[in-house]
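I opened this notebook to record what I looked up about aromatic rings. The entries follow in the order of my searches.

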Amino acid sequence: MKKLVKVIALALVLALSIVSVALADSTARTLDEIRESGKLVIGVFSDKKPFGYVDENGEYQGYDVYLARRLAEDLGAELELVSVDAPNRVEYLQSAKVDIILANFTVTDERAEVVDFALPYMKVALGVVSPDSALITDVSELRGKTLIVSKGTTAETYFTENEPEVNLLKFDTYTEAFNALLDGRGDALSTDNTEVLAWAIDNEGFTVGVESLGSLDTIAPAVQKGNEALLAWINDEIVALGEENFFHADYEATLKDVYGEAVNPDNLVVEGGVVETAE
């Protein structure tokens, strides 16, 4: 009986190893293969309004989704959207589950070692939202308190590296994270400032007390490491879209009603992959 258990355990370990190798070695589809298939598969968020979310009719909407639809249109392919969470964005590219990630993906040196980023289409920093009854207006006020973050985000990285005295409560999805803030399970929540500003507008009693934290970062599409032809096509597309002011049109269609006069579009939008600071 013991020998049988050992054989079964060994078989399971071997099977898992084979699966892991297969996933690690999964090769992304080339640009030509995508064209031949007639389908472009893009990973987006389904719970990060207003950038990628599913509306009341079950349809994907948002700033990232608007771009995804245009990419598929210009490639002459049917668009298939796949829901991703922050922690699995890299894995979905490495395992070739998607061709492109358009999920509010902040460019970092660490991520650039495992995926290839295209030109940016948005600027972002971190922000902190908290209840009006105990508003956090400076990061120092979080020390010894509980800050809610989503796993695999720049907020998690920033506070882990720079604010070890802040207790992090981590969740897999943005929905879980914001629900935790609503339920009072943390003193504040940090993620992209564009996201917390939008969320605070929709949730009375909460304010973004820290509007810009850390460095100014960029958001960009990502492809599997080494998928050069697809990367080059996306870069050419972003440059061409910039010539028609596409990303400002994207802002008007998906973000303007959310932010109103609270945000200057030029502080968020990047046209043609060229990052400029608004005057």
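Which residue lies over the face of Tyr53? I found Lys49 there, at 5.4 Å from the ring centre; a charge counts as over a ring if NZ of Lys or CZ of Arg is within 6 Å of the ring centre and within 35 degrees of the ring normal.

I note that this is a predicted model, where local features need pLDDT of at least 70, side-chain atom pairs count only at pLDDT 80 or more, and totals for chains, interfaces and linings use all residues. Residues are numbered from 1 along each chain as its sequence is written, and side-chain values use heavy atoms, with hydrogens and water left out.

Rings of Phe, Tyr and Trp (its six-membered ring) pair if their centres lie within 6.5 Å; planes under 30 degrees apart count as stacked, over 60 as edge-to-face and the rest as tilted.

I looked up Phe45 and Tyr174: their ring centres are 5.2 Å apart and their planes at 80°, so the pair is edge-to-face. Phe45 and Tyr174 are 129 residues apart, and the pair links distant parts of the chain. Both Phe45 and Tyr174 are buried (under 20% relative accessible area, 1.4 Å probe, protein chains only).

I then turned to Tyr63 and Tyr121, whose ring centres lie 6.0 Å apart with planes at 25°, so this pair is stacked. Tyr63 has a relative accessible area of 0%, and Tyr121 is likewise buried, at 0%.

Finally, I recorded a cluster linked by ring pairs: Phe51, Tyr63, Tyr66, Tyr121, Phe246 and Phe247.

How values were computed. Helices (H or I, at least four residues) and strands (E, at least two) are DSSP runs, numbered from the N terminus. Buried means under 20% relative accessible area, exposed over 50%, partly exposed in between (1.4 Å probe, protein chains only).
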